[in-house]
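Dear colleague,

Please find below the structure that I am handing over to you, together with its sequence. My notes on it follow.

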Amino acid sequence: MLILGLDPGLGTTGWGMIRADGNRLAHVDNGQIRTDPSMPLPRRLALLHGAIVEVIRAHRPEGAAVEEVLGNSNAQSTLKLGQARGMALLAAAQAELVIGEYHPSIVKKAVVGTGGAAKAQVQAMVARLLPGVKLTGADAADALAVAITHAHHLASQRAMLRRVS
């Protein structure tokens, strides 16, 4: 199964594509989508949405996972992050993908083993779980971590369903 992970941000949105076959994971591609801060907000959101749509068209994933918004003290920044996240969810929903949403602490716990892991620890584990990966940046690494989390959750769900039936 191909899974698209998204780490939304208005300035930079990271994306990562993995192939999950049971517990085996393989890196497919990753990148970052950047918007120009001098552009009007609606235009930045439209560019972000269009770029995610293009990633989906190019790779044809079967599922997607989007990191949830972690609130901060600046309400305006949180709102803009939420709007970028909305564009990611919209693009995935329009492609009729099965979408998972994960809090950053859940992603860190799934990839590193602790919900309070540092970014460097997440990047190191992504590199270990996806041998040979060449990361295009920290946001792409985070997106791959979100995709890995989704793959683990789907595998756990399938295992539980097999036990029940």
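I begin with a turn. Strand 2 and strand 3 form a hairpin with two residues between the strands, and in it Gly22 takes a positive phi near 65°. Please bear in mind that this is a predicted model. The two strands run antiparallel and are joined by 10 bridges; Trp15 stands opposite Gly31 in strand 3.

Four residues lie between strand 1 and strand 2 in their hairpin, and Leu2 is placed opposite Arg19 of strand 2.

Glu67 belongs to strand 4 (residues 63-67) and counts as buried because its relative accessibility is 14%, under the cut-off of 20%. Beyond its neighbours within four places in sequence, Glu67 is in contact with Leu6, Asp7, Pro8, Arg85, Tyr102, Pro104, Val107 and Val146.

Finally, helix 3 (residues 104-111) packs against helix 5 (residues 138-164) at an angle of about 75°, their axes being 9 Å apart. The two helices are therefore roughly perpendicular. Helix 3 contributes Ile106, Val107, Ala110 and Val111 to the contact, and helix 5 contributes Ala145, Val146, Ile148, Thr149, His152 and His153. By class, seven of these residues are nonpolar, three are polar and none is charged.

Yours sincerely

Notes: Residues numbered from 1 in each chain as written. Predicted model: local features only at pLDDT ≥ 70, side-chain atom pairs only at ≥ 80, totals over all residues. Heavy atoms only, no water. Axes fitted to C-alpha atoms, helices over the stretch in contact; angles between N-to-C directions. Parallel < 35°, antiparallel > 145°, perpendicular 65-115°, else oblique. Contact = heavy atoms within 4.5 Å. Nonpolar A, V, L, I, M, F, W, Y, C, P; charged D, E, K, R; others polar. Buried < 20%, exposed > 50% of the residue type's maximum accessible area, 1.4 Å probe, protein only. Pairing = 2+ DSSP bridges.
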